[in-house]
Amino acid sequence: MADQTLPIGGILDITPERQERLTLLEWLHGWVVTVDHKRLGVLYVVYGLFFLLVGGAEVLAIRVQLAKPGNHFLSPETYNEFFTMHGTTMVFLVGMTIVFGFANYLVPLMIGARDMAFPRLNAFSFWLTAFGGLLLYYSFIGGFGLYGMGSAPDVMWWAYAPLTEKAFSPGHATDYWALSLIVMGFGTLGTAINVLATAFCMRCRGMTLLRMPLFVWLMVVVSGLTLITITPLTAAQVMLTIDRYLGGHFFDTQAGGSAVVWAHFFWIFGHPEVYVLVMPAFGIANEIIPVFSRKAIFGYPAMVAASVGIAFVSLGVWAHHMFTIGMTSVGNTFFVLSTMMVGIPTGIKIFNWLATIWGGKIQFRVPMMFCLAFLFQFLIAGLTGIMLSVAPWDWQLHNSYFVIAHFHYMLVGAIVFNIFAGIYYWFPKVTGKMLSETLGKWHFWLFFIGFHVTFDTMHFVGFMGMPRSIYTYEANRGWNTLNMIISIGAFIQGIAVLVFAWNMVRSLRNGKEAGNDPWDAWTLEWAVPSPPPEYNFATDPEVHSRRPLWDLKHPDDPDWKYE
Amino acid sequence: MKATFREYGARAAGLSLLLLVLVAGAWAQGPQTTPSIFAPASTPAKSIFGLSMFVLSITGGIFVVVGGLLAFALIRFRERKDDDESEPPQIYGSVQVELAWTVVPILIVVVLFLTTARIIFAIQDAPKPQDALDVTVVGHQFWWEFRYPKLGIVTANELHVPVSTPGDPEPTYLHLLSADVDHSFWVPQLAGKTDLIPNHPNETWIEPQQTGLYYGQCAQFCGIEHAKMLLRVYVDSPAQFAAWVKDQQQPGVQDPQAAAGRQIFETHACTNCHTIRGTAAVGSFGPDLTHLASRATLASGATLNTPEDLYAWIKDPDAVKPGSLMPAMQLSDEEIRELVAYLDTLH
Amino acid sequence: MSAIPVMPGPEPWELPSKGRVGMLSLIIGECGIFTIFVVAYVFYIGKSLNGPTPQQVLDIPIFNTICLLSSSVTIWLAERQIERGKMKAFAALWALTIGLGLEFILGTAMEWDKLIRGGLTVRTNLFGTTFYALVGLHATHVVVGLIGLSLILIFTLTGHVSERHTERIQVFALYWHFVDAVWVVVFTVVYIVGR
């Protein structure tokens with residue numbers, strides 16, 4: 001019989017903690033020059049959460065403006081800037097940053113590695129991203145705007161040509177949009193390269209690809225997808241800048257250029273991009289749902305295959321954003337088919353999650369509550385997606401509030417809910433303190449109620465013919481009450497987010513001590529102290545199954561017997 | 001947590017009820033001020049409506065089944081207070097189950113796809129009848145130009161089309177162009193929307209079956225006043241339509257009482273942008289004003305066409321529709337009054 | 001009683017090299033950018049409303065192409081030399097690679113000079129826009145590659161590079177091979193298909 005009590009050698013760290021007191025400057029300096037994946041992950045997430053508040057403020061202003069018809073809270077120019085910035089902020093400065101922030105923090109820990117493959121590239125990528133975001137927001141005060149309120153982008157987050165050509169957007173608004181996103185794009189590219197190199201080349205002994213936690217798998221798939229998703233956007237933005245400054249004609253319809261080509265290029269980026277955003281959310285759910293159902297994930301290989309399948313198919317659906325642009329009937333039909341097809345692996349995932357819960361012992365802790373809400377909301381979002389994939393119906397629904405409802409169900413109902421779940425789940429690991437369950441439940445219920453008040457209602461106002469991107473609407477259209485309801489829900493969500501911020505601040509100071517493994521979980525990050533030491537693992541771990549800590553805790557019934 | 005289920009169940013029931021009411025209420029045929037996609041009054045809109053109800057029933061069914069299973073699982077398999085802390089049986093997968101829930105969605109997709117494809121071809125590739133009415137729609141920032149090439153009519157913002165009856169089908173085919181940026185023609189009760197893309201002509205058609213006024217608006221963000229690029233479609237009886245056509249084909253009314261205003265119009269920069277047939281004004285950057293007084297609204301629906309509103313519009317367009325491309329013409333109050341008096345004669 | 005194996009197995013645990021995976025990922029990303037520029041070029045073939053056409057003004061840059069593609073051969077030979085620790089031969093072949101790449105850039109510059117004098121610029125027509133954008137994007141990547149190559153040459157000549165850096169050299173060479181492969185595509189699309 002072995003005299004080692006821990007089959008995975010040396011994971012428990014017995015080094016006493018250092019108790020250094022740093023000056024404020026030293027502390028800041030540490031954060032600025034860090035190449036530690038954990039610190040960079042925290043920086044990404046904090047950056048993203050900050051801009052979540054900013055983007056949220058923008059949308060609250062929008063909702064005040066739309067609460068009544070003919071309102072004068074925001075001028076048309078400011079309104080157009082706000083909704084453009086809201087979309088751009090939420091996708092790039094919140095979604096991408098938080099998603100890659102989670103990846104940065106968790107991927108090396110989950111595979112038993114010491115850091116990412118290229119730590120300096122990692123830091124460089126973060127600062128590029130951060131700078132790009134600041135450049136975008138500088139637009140509010142910089143440049144000579146056409147109408148005042150600075151020069152923030154006001155062309156819709158998809159910046160359709162030829163509205164963005166110099167002739168129709170003479171100010172610098174479009175340039176801020178293009179240039180800041182090009183810069184951020186390079187940052188994202190760097191992180192994607194890092195995640196791929198790390199996952200393929202730095203797994204600990206015994207961790208074959210098919211033993212990686214599903215979160216890592218999804219980040220691998222997402223990073224691969226990112227490589228060919230962000231780059232088309234960069235290319236299109238370079239072309240737009242050539243048009244605007246060198247007199248090029250890529251999208252100059254007067255010279256024979258094509259507005260439709262911009263739309264194609266943008267959505268070739270834009271559609272896979274939403275999978276880049278949502279698949280890490282799936283990854284988070286894949287970690288949380290099993291732990292709080294006390295069961296292994298059902299159908300791990302199918303989940304991997306479905307994720308890879310989604311990534312591939314998602315590359316072929318982009319023109320479902322363009323059903324009304326005037327493609328041929330054959331073209332439209334093709335994209336109907338591809339879009340419906342992508343619903344299949346996505347649906348399979350829901351069934352796998354359902355089967356994971358089935359027969360388990362569901363613990364209604366805050367992370368799980370967010371994940372369960374995600375499941376219902378993702379189901380609905382997927383179904384409204386199917387509705388939108390039906391091209392003739394899309395000819396009515398496109399560019400209406402129904403679409404906004406659908407994608408917010410995805411972006412907020414699926415992604416943000418999972419981000420909240422992930423934060424509640426891993427906050428103890430990152431900080432060593434538990435977030436308050438009570439405040440968490442307040443956060444959850446307020447946000448859930450506000451979310452549904454807003455976005456359920458929004459589907460209906462879309463059915464009633466209300467288009468998007470309008471700073472006001474006619475009073476006789478019958479949209480008044482529903483808009484007021486939507487606005488109220490938005491403010492409820494705002495309050496919920498404030499409760500969340502308060503929870504984080506308070507718990508950082510007075511939270512319960514978390515210990516290594518507060519949730520009784522099974523992946524490698526729970527084997528190290530909370531917060532982990534800089535080097536992560538004292539000795540390189542060795543694993544024999546997908547749930548190394550389950551094997552440790554259940555030596556009589558280890559996973560490797562069944563895998 | 002029972003509360004979760006009850007709350008969720010109540011919410012779901014409430015929402016379905018609301019949906020049913022809305023759908024039922026909107027089933028009322030005919031034009032209404034709420035441009036609901038569930039109140040179709042034209043052939044393509046009706047095809048879309050039929051398809052959408054079919055899809056809704058399938059997705060609704062999926063929601064009930066999967067959502068129901070989820071809700072059930074949450075209650076049935078929740079951790080009880082008196083739990084013994086043991087782990088439940090670990091199930092790693094099941095080939096049969098996973099195969100089943102792959103095959104069933106594929107079948108559903110096949111059905112949905114085939115029904116969808118049929119409607120796509122039915123609407124997009126509908127054969128155009130010889131005597132269909134042709135209208136060329138040109139999108140501008142921020143107004144609509146309508147030309148009836150075979151009838152010699154040019155007007156703006158308010159479209160008149162004949163009603164179509166089973167005995168006398170009269171579809172209207174719209175040829176969609178843009179003078180500047182992307183726009184989209186959307187009158188939900190009459191058809192799905194189709195975009196107006198510069199350098200990329202599009203076609204769409206409507207076949208309204210009930211007379212009256214239908215509302216719509218531009219549905220592709222086109223700049224600062226996208227929100228006020230509204231649409232009015234008047235579906236006329238055959239007699240009404242014939243009368244309207246005859247009227248529109250006339251050159252601008254030359255009322256001697258309004259000569260002063262006409263003088264102002266013709267000697268100021270108005271003529272650079274606007275056309276009034278029968279006068280020296282042949283500008284084409286702005287809407288054709290030959291029959292301005294026959295329209296119910298101004299500035300693409302931004303305001304009603306009353307003398308007071310017209311006065312305010314000419315005096316300071318930016319106050320009515322900030323960012324619209326019509327400049328304030330710096331006329332004196334007296335000049336504007338006379339101008340309004342003239343324009344009001346242009347029936 | 002525990003039945004878990006407690007000693008790490010004797011099998012080797014080998015993972016791919018970080019540098020290679022990283023460089024391949026970068027190359028895949030770059031393919032994304034180039035694909036869009038190529039698609040734009042192909043889409044706009046024949047669509048210019050006016051101005052010089054490819055047939056009128058483009059000469060096939062055979063010599064440039066031979067130089068650039070040969071540089072792939074010389075860099076491959078250089079890799080073989082450093083594998084065996086033959087640093088002098090490595091340096092010579094490396095320098096030759098740089099020379100060939102430089103020739104390509106100079107040749108491109110001369111071609112552009114001729115075209116601009118002949119009336120084709122970015123703003124002339126769709127052909128001008130897409131041509132300069134695509135060829136220029138590629139040329140930029142060649143320049144970046146040349147900078148990297150030159151830095152490595154400097155490090156080699158000052159004695160900082162040795163046999164143990166073989167793998168890094170191979171990773172960098174991947175980038176150079178990629179640049180040459182892209183040229184094959186650009187050349188075909190612009191000078192053969194598009195004319």
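# Chat about a three-chain predicted model

Biologist: How many helices and strands does chain C have?

Modeller: In this predicted model, chain C has six helices and zero strands, and from the N terminus on its elements therefore run α-α-α-α-α-α, with a radius of gyration of 22 Å that is well over the 16 Å given by the globule rule for 195 residues, so chain C is more spread out than a compact globule.

Biologist: What box do the C-alpha atoms of chain C fill?

Modeller: Along the principal axes, the C-alpha atoms of chain C fill a box of roughly 85 × 50 × 20 Å.

Biologist: And what percentage of chain C counts as buried?

Modeller: Of its 195 residues, 35% count as buried; as for contacts in chain C between residues at least 6 apart in sequence, 86% of them join residues at least 24 apart.

Biologist: How many residues go into the contact between chains A and B?

Modeller: That contact takes 75 residues from chain A and 78 residues from chain B, and the elements of chain A that give two or more residues to it include helix 3 (76-110), helix 7 and helix 13 (437-463). Helix 9 of chain A gives the most to this side, with 15 residues, and by class the side has 45 nonpolar, 24 polar and six charged residues.

Biologist: What about the contact of chain A with chain C, how many residues there?

Modeller: There, 39 residues come from chain A and 31 residues from chain C. On the side of chain A, the elements giving two or more residues are helix 5 (173-201), helix 6 (214-246) and helix 7 (259-293), with the largest share, 10 residues, coming from helix 6 of chain A. By class, this side of chain A has 27 nonpolar, eight polar and four charged residues.

Biologist: Now chain B: in what order do the strands of its open sheet run?

Modeller: Five strands of chain B form the open sheet in the order 4-10-9-6-7, with mixed pairing. Strand 4 (158-162) and strand 7 (194-196) of chain B stand at the edges with a single partner strand each, so one side of each is left without a neighbour in the sheet, and from one strand to the next the twist averages 30°.

Biologist: In which sense do strand 9 and strand 10 of chain B pair?

Modeller: Strand 9 (residues 212-218) and strand 10 (residues 230-236) of chain B pair in the antiparallel sense over six bridges, and B:Gln217 stands opposite B:Leu230 in strand 10 of chain B. Helix 4 (residues 238-249) of chain B packs on the sheet, where it touches strand 4 and strand 10 of chain B, and its direction makes about 130° with that of strand 4 of chain B.

Biologist: Which residues does B:Asp288 touch?

Modeller: Not counting residues up to four places away in sequence, B:Asp288 touches B:Val154, B:Thr155, B:Ala156 and B:Thr275. By contrast, B:Asp288 and B:Ile106 are 182 residues apart in sequence and 54 Å apart in space, C-alpha to C-alpha.

Technical notes
Residues numbered from 1 in each chain as written. Chains lettered and ligands numbered in written order. Predicted model: local features only at pLDDT ≥ 70, side-chain atom pairs only at ≥ 80, totals over all residues. Helix = DSSP H or I, 4+ residues; strand = E, 2+ residues; numbered from the N terminus. Rg over C-alpha atoms; globule rule 2.2 N^0.38 Å. Buried ≥ 20, exposed ≤ 12 C-beta atoms within 10 Å, placed from the backbone. Contact = placed C-beta atoms within 7 Å. Nonpolar A, V, L, I, M, F, W, Y, C, P; charged D, E, K, R; others polar. Pairing = 2+ DSSP bridges. Axes fitted to C-alpha atoms, helices over the stretch in contact; angles between N-to-C directions.
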